[in-house]
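Visitor: Hi, I'm new to this one. Could you walk me through what I'm looking at?

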Amino acid sequence: MTTESRSAWNSRHLAWLLGLFLLALLPRLYSAQTLGWHWDAPGSFTLVNFDEAGSCRAALDGFNYSGFIGRQTIALAELLGHAPDPGIVGNERAVKAYCHSAEHILVARSYSAFAGALTVVALAVIALLLVPSQPAVAWTAGGLLTLSGFHISESHSGTVDAPSVFFIYTFIAVLIYAVGRRSRAGLALSPLFLVPAVWAKY
């Protein structure tokens with residue numbers, strides 16, 4: 001295979017991966033930004049899953065859990081002008097009110113939606129690494145996960161489940177790549193990708 005044809009083939013792969021990402025993102029992000037809003041009245045927000053934002057509460061010392069994802073969603077909320085009030089750290093009631101607020105939940109759910117869509121891409125990449133001669137396997141696997149109702153439901157909730165799975169799949173992809181290339185440096189660095197997978201929940 002020439003360098004030119006290999007480049008075209010890789011470009012085609014990237015186009016497929018981008019397409020899978022967008023197809024996976026749209027339903028997850030739509031659900032994340034509509035579920036619970038305007039149910040009781042225009043502008044209202046109803047929390048339907050009280051497990052949401054547990055990591056946010058942990059990050060503000062209002063809950064016993066990993067605060068790894070929560071620190072990220074809080075930082076994103078701050079960038080959007082929805083920072084927690086000063087002095088609420090350790091105040092369980094105030095922390096819960098902030099983390100369960102519509103403004104923060106929207107950020108946390110959107111974070112999960114993007115992580116869920118990226119998981120679809122990670123799965124396709126894993127398949128491409130394992131069966132490079134049959135890319136249809138990757139597109140089929142990615143397509144099935146894109147349409148998975150269970151995965152969509154996990155990816156529009158502001159919990160750590162979708163991000164955790166994404167980090168696990170990323171670690172597996174890096175490990176497969178390092179083993180396939182017989183890269184000692186890749187193997188040595190691969191545990192770094194395991195850290196967020198574990199830290200997301202523990």
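Guide: From the N terminus on, the elements run α-α-α-α-α-α-α-α-α. Helices (H or I, at least four residues) and strands (E, at least two) are DSSP runs, numbered from the N terminus. This is a predicted model: local features need pLDDT of at least 70, side-chain atom pairs count only at pLDDT 80 or more, and totals for chains, interfaces and linings use all residues. Residues are numbered from 1 along each chain as its sequence is written, and side-chain values use heavy atoms, with hydrogens and water left out.

Visitor: How many helices and strands is that?

Guide: The protein has nine helices and zero strands.

Visitor: And what does the C-alpha trace span?

Guide: About 60 × 40 × 25 Å along its principal axes.

Visitor: How much of the protein is buried?

Guide: Of the 202 residues, 43% are buried. Buried means under 20% relative accessible area, exposed over 50%, and partly exposed in between (1.4 Å probe, protein chains only).

Visitor: Which residues have the most contacts inside the largest nonpolar core?

Guide: Those are Ala124, Ala138 and Trp139, in a core of 16 residues. A nonpolar core here is a set of buried Ala, Val, Leu, Ile, Met, Phe, Trp, Tyr and Cys residues joined through side-chain atoms within 4.5 Å. Two or more residues each come from α1 (3–34), α5 (102–130) and α6 (135–146). The most come from α5, which gives seven residues.

Visitor: What does Ala138 touch?

Guide: Not counting residues up to four places away in sequence, Ala138 touches Ala124, Ala127 and Leu128. Contact means heavy atoms within 4.5 Å.

Visitor: How do α5 and α6 cross?

Guide: Their axes come within 8 Å and cross at roughly 155°. Axes are lines fitted to C-alpha atoms, for helices over the stretch in contact, and angles run from 0 to 180 degrees between N-to-C directions. The two helices are therefore roughly antiparallel to each other; angles under 35 degrees count as roughly parallel, over 145 as roughly antiparallel, 65 to 115 as roughly perpendicular and the rest as oblique.

Visitor: Which residues make that contact?

Guide: On α5, they include Thr119, Val120 and Leu123, and on α6, Pro135, Val137 and Trp139 are among them.

Visitor: What about α8 and α9, how do their axes cross?

Guide: The axes of α8 and helix α9 (residues 184–199) come within 8 Å and cross at roughly 175°. So α8 and α9 are roughly antiparallel to each other. Among the residues in contact are Phe167, Phe171 and Val174 of α8, with Leu187, Phe193 and Leu194 of α9.

Visitor: Switching to loops: where is Thr159?

Guide: Thr159 sits in the loop between α7 (149–155) and α8 (161–181).

Visitor: Buried or exposed?

Guide: Thr159 is buried, with a relative accessible area of 12%. Its side chain makes a polar contact with the side chain of Asp161 (3.3 Å). A polar contact is a pair of N or O atoms within 3.5 Å; within protein, one must be able to donate a hydrogen and the other to accept it, and residues adjacent in sequence count only if both atoms are side-chain atoms. Leaving aside neighbours within four places in sequence, Thr159 is in contact with Asn49, Asp51, Glu52 and Ser112.

Visitor: And Leu80, buried or exposed?

Guide: Leu80 is exposed, with a relative accessible area of 59%. Leu80 is found in the loop between α3 (68–79) and α4 (92–99).
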